[in-house]
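Subject: Structure handover

Hello,

Here is the structure you will be taking over. Have a look at it, then read on for what turned up.

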Amino acid sequence: MSTHVLKTDGQVCPFPLVEAKAAIAAIPIGDELVIDFDCTQATEAIPQWAADNGYPVTNFDRRGDASWTITVQKS
């Protein structure tokens with residue numbers, strides 16, 4: 001299992017989610033995608049997308065006043 005990092009800080013929604021969809025499509029099953037973002041709407045959109053697609057969220061943390069990191073496993 002490998003970990004891939006997607007940094008989308010500074011991008012407005014829906015671009016963090018759009019990039020996450022493309023990034024997870026490009027990684028092997030079982031690998032994890034760490035998504036760093038600072039768009040508050042993505043705090044709901046990314047976990048919902050992961051749940052809708054059966055991708056387990058293995059980590060979801062706030063990194064500061066207005067930034068977060070979420071780790072999604074491709075299954």
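A residue counts as buried under 20% relative accessible area, exposed over 50%, and partly exposed in between. Please keep in mind that this is a predicted model.

Valine 18 has 45% relative accessibility, so it counts as partly exposed. Valine 18 sits in helix 1, residues 15-25. Together with Val12 and Phe15, Val18 makes up a nonpolar surface patch of about 290 Å² accessible area.

Next, the disulfide. The count is 1. Cysteine 13 pairs with cysteine 39, with 2.0 Å between the sulfur atoms. This pair links distant parts of the chain, 26 residues apart. Cysteine 13 is in the loop between strand 1 (3-7) and helix 1. Cysteine 39 is in the loop between strand 2 (32-37) and helix 2 (42-52). The S-S torsion is about -130°, so the disulfide is left-handed. Cysteine 13 is partly exposed at 24%, whereas cysteine 39 is buried at 8%.

Then the salt bridges. There are 2. In one, lysine 7 meets aspartate 36, the closest N and O atoms being 3.0 Å apart. That pair links strand 1 and strand 2 across 29 residues. Lysine 7 is exposed at 58% relative accessibility, but aspartate 36 is buried at 7%.

Aspartate 9 and arginine 63 also form a salt bridge, at 2.6 Å from N to O. Aspartate 9 is in the loop between strand 1 and helix 1, and arginine 63 in the loop between strand 3 (57-62) and strand 4 (68-73), so the pair ties together parts 54 residues apart in sequence. Aspartate 9 is partly exposed at 38%. Arginine 63 is partly exposed at 37%.

Best wishes

Note on methods: Residues numbered from 1 in each chain as written. Predicted model: local features only at pLDDT ≥ 70, side-chain atom pairs only at ≥ 80, totals over all residues. Heavy atoms only, no water. Patch = residues over 30% accessible without salt bridge, like charges linked within 9 Å, V, L, I, M, F, W, Y side chains within 5 Å. Areas by Shrake-Rupley, 256 points an atom, 1.4 Å probe, with all protein chains shown as cover. Salt bridge = Lys/Arg side-chain N within 4 Å of Asp/Glu carboxyl O. Helix = DSSP H or I, 4+ residues; strand = E, 2+ residues; numbered from the N terminus. Buried < 20%, exposed > 50% of the residue type's maximum accessible area, 1.4 Å probe, protein only. Disulfide = S-S within 2.5 Å.
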